[in-house]
Amino acid sequence: MRKQLENGINLTVIENSQFKTNRIVINFVAPLAGEESAERMLLANLLEISSAKYPSQQKLAEKLSELYGASFGITVSKKGNYHLISLILNGVNDKFLEHKTDSLKEIFNFIKEIIFNPNVTDGHFDEETFKRQKENLMMSIRSISDDKQSYAGLELQKLYFQNDQAIPSYGTIEAIEKITATSLFEYYKQMLATNRVDIFVIGELDEIETESIVKILPFTPRDFEMVPIFYHQDVKEVVTKVETQAVAQGKLNIAYQLPVYYREDGYYAGLIFNGIFGGSPLAKLFVNVREKASLAYYASSSLDTFRGILTVQTGIESQNKDKVIEIVQQQLDDIIAGDISDELLNKTKMTMINQYQSSLDSQMALINQSMVDQLTQTEVGTIEWIDGINAVDKSAVQAIAREVKLQAIFFLNGEIK
């Protein structure tokens with residue numbers, strides 16, 4: 001069941017009897033605005049650890065224990081041109097409790113407390129809690145540079161996008177430093193009044209009863225104008241950046257523009273292309289760059305079909321950089337030339353179909369699929385998805401490969417001279 005409760009407030013109930021728990025996800029959806037990412041991340045952290053009724057993590061943990069050990073968290077993410085704050089709660093289903101309770105109603109009362117009654121005094125978030133979470137977030141962001149592959153990935157994003165898309169979903173140190181307990185509370189009120197709210201509930205439950213319980217949350221109507229979810233970028237001159245650090249292993253990351261978008265023309269062929277190129281253990285990058293040529297400790301690719309970007313990630317000996325760039329390009333050229341065995345094509349399809357079918361056993365995967373359906377205003381069933389994958393032939397993969405355009409190279413050099 002999917003319905004609009006109010007303008008800008010949507011409910012999706014997924015009846016599924018294979019799970020012993022109910023999972024609830026509430027997404028606050030807003031158009032991507034780079035500087036706001038920091039506010040949204042810090043706000044998520046604050047709402048996750050305290051409220052007026054549960055002003056400490058200990059008090060909140062005690063309440064979750066009372067809710068039969070429910071798990072709870074708030075995260076942020078980006079999807080194309082949107083930024084999402086996601087409240088996620090997993091709780092037991094009444095049917096599996098020894099004594100009859102109304103646990104779903106209790107859970108939504110808890111969620112109401114978290115969202116609508118934050119730990120606020122005199123028009124600002126509790127100063128001590130705010131300062132602690134602000135410092136924790138900045139420390140967490142600073143620590144990312146210790147994970148050199150994550151660091152290289154972020155630097156590649158900066159090179160490729162050079163706009164708000166380059167800003168991580170958690171924001172930047174510079175933006176976080178400007179936030180105050182008062183300014184964040186003002187942003188919280190703005191978010192609560194203007195963001196689109198998408199509520200998802202999955203489990204063995206009754207749709208009508210669930211809708212009645214969800215209405216405990218006093219969301220008000222709002223006018224929310226949808227923006228195109230897909231980000232499109234013009235082809236630009238290739239940009240390269242080399243940075244030297246005292247690292248044992250060089251990081252060579254490459255970004256290509258690939259205009260393949262979710263469930264649009266070429267989508268299934270794009271998925272198969274990525275699987276053959278570098279998106280699976282069967283892929284050419286893994287087999288030829290890592291295994292046969294022994295030029296990389298790892299080599300893989302990933303395709304973002306909401307932003308039209310294909311990225312390659314490798315860990316290499318720094319002196320092999322030019323050789324690796326050459327052999328990565330050779331794998332792409334080979335696909336364009338049709339060097340794709342029937343065995344590789346069929347095994348790639350089989351792997352993707354198996355992964356897709358396995359995801360049907362995950363509550364979170366089912367909710368994520370429903371979320372994407374709602375954001376894109378499209379819906380494809382399991383049979384149609386599998387048929388789409390199976391229909392891809394070698395010529396379709398070649399056609400996708402010809403669309404790949406090199407755009408950015410970031411190299412973290414491990415050689416200190």
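In what order do the six strands of the open sheet run? The legends below take the sheet, then a helix pair. This is a predicted model, where local features need pLDDT of at least 70, side-chain atom pairs count only at pLDDT 80 or more, and totals for chains, interfaces and linings use all residues. Residues are numbered from 1 along each chain as its sequence is written, and side-chain values use heavy atoms, leaving out hydrogens and water.

**View 1. The open sheet.** The order is S1-S2-S8-S3-S5-S4, with mixed pairing. Strands (E, at least two residues) and helices (H or I, at least four) are DSSP runs, numbered from the N terminus. Two strands pair if DSSP finds at least two bridges between them. S1 (2–6) and S4 (71–79) are the edge strands; each has a single partner, so one side of each lacks a neighbour in the sheet. Twist averages 20° from one strand to the next.

**View 2. The S4 and S5 pair.** S4 and S5 (residues 82–92) pair in the antiparallel sense over nine bridges. Phe72 stands opposite Leu89 in S5.

**View 3. Helix H13 on the sheet.** H13 (residues 363–376) touches S1, S2, S3 (21–31), S4, S5 and S8. Contact means heavy atoms within 4.5 Å. The direction of H13 makes about 145° with that of S8. Angles run from 0 to 180 degrees between N-to-C directions, and axes are lines fitted to C-alpha atoms, for helices over the stretch in contact.

**View 4. Helices H9 and H15.** The axes of H9 (residues 267–277) and H15 (residues 394–402) come within 9 Å and cross at roughly 80°. H9 is therefore roughly perpendicular to H15 (65 to 115 degrees). Contact residues include Phe273 of H9 and Ile400 of H15.

Terms used
Angles under 35 degrees count as roughly parallel, over 145 as roughly antiparallel, 65 to 115 as roughly perpendicular and the rest as oblique.
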